[in-house]
Amino acid sequence: MDFESAVHGEGIVKKYKGFELNVPVLDIPQGFATALIGENGAGKSTLLDILAGIRLDYQGSLKFFGKYNDDDRENNPDVKNAIGYEGTGNYYLPMWTLKQGREIQKLLFKNFDESKYIEICKQLAVPDDESKKITDLSDGNHMKIKLAGVLSRDTDLLILDEPASPLDPLMRDKLCDMIREYLQRDEGKKSVLFSTHNIADMETVTDYAIIVENGRIVEQAFVEDLKEKYVVVKGEKVDEEAARKVLYSISSSNYGFEGVCLSERLNELAGLNTVVEQATLSQICVAIMKQNSKLYGVN
Amino acid sequence: MKRILSSYKVFTPKLYRILGVYLGTLLMVLVSLLFMAMAGRPIALLVTAVITASADIFLDLFVFMGVFSKDFDFGLLRNSTEGLKVLKAGVLGDQIRRFLQIAVVMGICGMATYSYSLENGFMTTPFEYGCVIAVLVLTIYTCNTLVLNFTRKHLNYAEGLPGQMLMTAIEGVAVAGVLGLFMKEGGADPLPLLVAVTVLAVTVTYCMVERIGNRYLLSFGGKKMERFGKDNVKKMVIFLLIAFGVDFLMMPVMYLGFQKDIDLSVFLVAQMMYPACGVVLAKLTSYNEGKLPKFSYITILVTGIITMILAVLNVTSPATIDANGQAMTVQFLIANYVIIVGTILLIIALSVTGKEQRENAGFRFHNAGKSVLFMALFFVLYFARVIIICIIGGIAEGDMAGAMSELTQIFTAEGQGMLWLNVVINAPLTFIMFLGEEYGWRYFLQPVMQKKFGVLPGTILLGIAWGIWHVGADFLYYSDGTGIQMLCAQIVTCISLGIFFGYAYMKTNNIWVPVMMHYLNNNLIMVLSGDASTEAMQGSVVSWSDIPIMIAGAAVFWLFALTPTMRGKLSSKKGETENA
């Protein structure tokens, strides 16, 4: 499927000791929610930091909204302000209260809508008492005010690093709603990029998936396409050995096996007694991750 | 202003804490006023000064801005292009708050002791008294800023307290020294000191704000400034501010001394340290320099600061003593010892520093054979120049035999052996001064100038700048009423020496070569004039007709402008060493 890129990157390389992020080409589709999926340490946060301009010691070139490069992002406030980034770093000073947190955002961001911020905080059930210290908040509440901050700005691209992790299931659902709402606000203009390892929880809101493994992108496509490309195959114990050669990943029990398979290779299973079902995103991701993971070796 | 206020408001905890800090220091003043009732009043001023200094540091705990703490990575600030501005405004606000706090407290105490001080002849005029108070305020502010900055950088806050106590104690001694200067009969003149401490206070404030900005930019992975090419500009600005800015700012102080007819030799010693101090500060505040020899750098910096303070004291409270039949100011004598101690420390520092650090700082002794050869060559050329000038002088005056005998005097006259020995012995004891200049000119500025203007034009422009840098000394020290001629002669000398020094440095890539040459150049004058004292350089009369002769003599150095190295372009290898 053709699409416009909110972010287009070429030859992005960032080396750490014993780890290298290497992304030859990167495209974040405009107008959609993109999930960056991968193991811990796969390079998700590094990639998001690079896109958001939180790390600048990388090689490669970036293009934002089809016209701005990464120097523009640093020098042109319009570009930087159009990107809302929520990261895992030390966001607030230890003694800052909720009120100071709000005020600093007012100072820092020209497009910060204070009334909207208060409204979102209310929706997310952030404690009312503004004299409370931010560091005293629970992880969940901390994430909520970060999200409120980023959502109450008039941005064109949201980059969220693990937004769902500290939230409870109810709030995750709420988060999905908010992302949907954000995308609809200005039809086709706004994009969201978030990283997660909770694929199942965010599946409802994911349009496009990028799977990162060991510093490299191993699969990227729209979720619908992925679901056409991969299917789940179930079968009986007797056929397991024959199916193992074709299936991506396989989990077996006493009664039978279940695995993910490329649709195009389904015909190789002809003759076996199998049932083919549509795969969920998390099944696909797990299969692909297993295939590439260091943990499992060559499966 | 509005930005500073609003930024500061966000960064600091609630207003009552700031008020608390003010009340706290005022409380301290009450204590000292009590003290004043008991003891002599000028002492009370001193006590207040020390108390204010410590109160400022300890009460800082209540309004501490976490941006200074080691573990804060500037989080949210980095998401906005406004981040740096807000941060700097906030830190500047903090500095202003601290300055006001000290000024208010010292002001109140100053008013309380005002009438007493005037009646008892402690100060003569209200203006002078105001100056003393201002000097105290600025001294405390500067010292405190340094103490806080240092502890915030290296320690977390709880660990910092003992260190701060210690440093406050040292600071107390400094403040007491400042006050003591004025207390005695016919005390020091506060005006030059006020100028000096104001400069220091502004510099320190600037550094404080810049440093936090630097850490902010570093948090992006260390490449932000490099990416946008700002780091080299910043380094250059710091270098120029110190090497030339401090140099020019000391001139009014020097002039005050000149008017009072005080010996100004110590200014020349201090002046020689500024360029190196500029480079050291520029390199230390930059981040892509790799490992640096901190011990050596601090030695250079401290030597520079002490000699500068001595230069100021030389004017504010001059005292002359007689050393070996030669009248010199106490400060000049001390400065000489400081230089010797500094040089010895530098030798120790260099010998314990690793190769990598020395390489990064450009202190390594590259190309030893070629280097020694160049030093010898300079020695020969130096005398070639002297001979040429002698001969031309002889021809002009029609007294060739006289000129020749003058020439042989250099080697044969009585006492010359001692002077030659002096030159040899002093070298390992005083070379820090010559490193002080050459580190700035040849190591730091020359590659930049050559890159910007081409090899030869860059070298010549550097010579002109180097000559102009001497302007204060030319008018107030070297010459007697012929400042302009002296300046022109100086520029000619600097361009010619600059060409040869520059050539030697390019050929050897060894900073010690120009350092040694510079040493010889300055010290052989004593041998030439047969006079070991500083008077050899002082108060000479230069006429316009001397300048063409100088140019002719310097031709031996100008010849090197014709070498392929000077005429050519920078090779790529050279370019690499420049960036390093």
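In the predicted model, the buried residues of helix H12 of chain B (buried meaning 20 or more other C-beta atoms, placed from the backbone, within 10 Å of the residue's own) are B:Gln331, B:Phe332, B:Ala335, B:Val338, B:Ile339, B:Gly342, B:Thr343, B:Leu346 and B:Ala349. These residues pack against helices H10 (265-285), H11 (294-316) and H16 (416-453) and strand S2 (326-329) of chain B. Helices (H or I, at least four residues) and strands (E, at least two) are DSSP runs numbered from the N terminus. H12(B) covers residues 330-352, 23 residues in total, and its first and last C-alpha atoms are 33 Å apart, close to the 33 Å expected at 1.5 Å a residue, a span taken as 1.5 Å times one less than the number of residues.

Residues are numbered from 1 along each chain as its sequence is written, and chains are lettered from A in the order in which they are written. Local features require a pLDDT of at least 70, whereas totals for chains and interfaces use all residues.

Between the chains, 21 residues of chain A are in contact with 25 residues of chain B, contact denoting C-beta atoms, placed from the backbone, within 7 Å. On the chain A side, helices H3 (77-81) and H4 (98-108) each supply at least two residues, and H4(A) gives the most, with 5 residues.

The model scores ipTM 0.82 and pTM 0.65. Chain B averages a pLDDT (the predictor's confidence in each residue, from 0 to 100) of 81, and 86% of its residues score at least 70. Over residues 572-580 of chain B the pLDDT is below 50, and this stretch has 4 contacts beyond near neighbours in sequence. Where pLDDT is low, predicted coordinates should not be read in detail.

Terms used:
Predicted model: local features only at pLDDT ≥ 70, side-chain atom pairs only at ≥ 80, totals over all residues. Buried ≥ 20, exposed ≤ 12 C-beta atoms within 10 Å, placed from the backbone. Contact = placed C-beta atoms within 7 Å.
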